[in-house]
Amino acid sequence: MTVYFIGAGPGAADLITVRGARTLARCGVCLYAGSLVPHELLDECPPDARLVDTAQLDLDRITEELVRAHEAGHDVARLHSGDPSVFSAVAEQMRRLDAAGVPYEVVPGVPAFAAAAAALKRELTVPTVGQTVILTRVAQQATPMPPGEDLATLGRSGALLVLHLAARYVDRIVGELLPHYGADCPAAVVAMASRPDELVLRGTLADIADRVKEAGVLRTAVIMVGRTLGASQFRDSHLYSADRERHEPCAPVPGAPVA
């Protein structure tokens, strides 16, 4: 059978995709990432589904569960928070499933940075201000960052930085970014994005660290730093400009339905 890596979304149970919910509803086994996944989503599983909390399992044990379920003829939902394409640790699971000859598919989910942007009511790419978003983290007691991906290097771009898994290192982040962005650069932290206990902190590089510590934010938070967070004076997008050159509609693709 098939293993489905499903993005559960950033926290709110109703932010799972329709495809994700439908896939979850037909899988006989579900491995979920502990408290990072809303428990309401487990109600979408079949009543007789086997539910496995992976919070205390290492990679070997998780792989064993996936392979065993596959061999027993079950489709398996591997439920991850956010979107599987970013900081989800699915790459090593896929590598092991490849070695075991177990087929798998990926169902995208709403990433945490998108939920954080929604909470801030900000577009992260603003015309003439910033058109680049860098998703990254910092290495502390985790896997080292590859060469050239340290904050000092990334900060030279001036792009909007989105840092995952880094709230407890906010002082270090501010110190490394100040020379590149300046003390007045807008910064924000969104903890528990999309959840009932969501917390939004706004400030600048000069004060965001103090705000984070005062609020006691340590985990499940996204840090954003960049000029687009505070942009108000910018040119309208060319996409909707009245001066944009208008083109005739493209010819229909042969065989495609006509509206």
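Two strands count as paired if DSSP finds at least two bridges between them. Helices (H or I, at least four residues) and strands (E, at least two) are DSSP runs, numbered from the N terminus.

Before going on, what we have here is a predicted model, where local features need pLDDT of at least 70, side-chain atom pairs count only at pLDDT 80 or more, and totals for chains, interfaces and linings use all residues. Residues are numbered from 1 along each chain as its sequence is written, and side-chain values use heavy atoms, with hydrogens and water left out.

Now the whole sheet. In general, strands of a sheet pair through backbone hydrogen bonds, either parallel or antiparallel. This sheet is open, with five strands in the order β6-β7-β10-β8-β9 and mixed pairing. β6 (133-136) and β9 are the edge strands with a single partner strand each, so one side of each has no neighbour in the sheet. On average, neighbouring strands are turned by 15° against each other, direction ignored.

What lies across the sheet? Helix α4, residues 112-120, lies across β6, β7, β8, β9 and β10 (221-225), and runs at about 70° to β10. Helix α6 also packs on the sheet, where α6 touches β7 and β10, and its direction makes about 15° with that of β10. For these angles, axes are lines fitted to C-alpha atoms, for helices over the stretch in contact, and angles run from 0 to 180 degrees between N-to-C directions. Contact means heavy atoms within 4.5 Å.

Next, helix α7, residues 208-215, whose buried residues are I208, A209 and V212. Down the axis of α7 these buried residues fall within an arc of 105°, so they line one face of the helix. That arc is taken from the directions from the helix axis to the C-beta atoms. Buried means under 20% relative accessible area, exposed over 50%, and partly exposed in between (1.4 Å probe, protein chains only). Among the elements covering the buried residues of α7 are α6 (170-181), β8 (186-191) and β9 (199-204). Just past α7, G216 has a positive phi of about 75°.

Last topic: charges. There are eight salt bridges in the structure. A salt bridge here is a side-chain nitrogen of Lys or Arg within 4 Å of a carboxyl oxygen of Asp or Glu.

One of them joins R26 and D75 at 3.8 Å, N to O. R26 sits in the loop between α1 (18-24) and β2 (29-32), and D75 in the loop between α2 (59-71) and β4 (76-80), so the pair ties together parts 49 residues apart in sequence. R26 is partly exposed at 47% relative accessible area, while D75 is buried at 14%.

Another links R68 and E65 at 3.4 Å, N to O. Both lie in α2, three residues apart, about one turn of the helix. R68 is partly exposed at 44%, and E65 is buried at 8%.

D184 pairs with R227, their closest N and O atoms being 3.0 Å apart. D184 is in the loop between α6 and β8 and R227 in the segment after β10, so this pair ties together parts 43 residues apart in sequence. Finally, salt bridges with shared partners join R50, E65 and R68 into one network.
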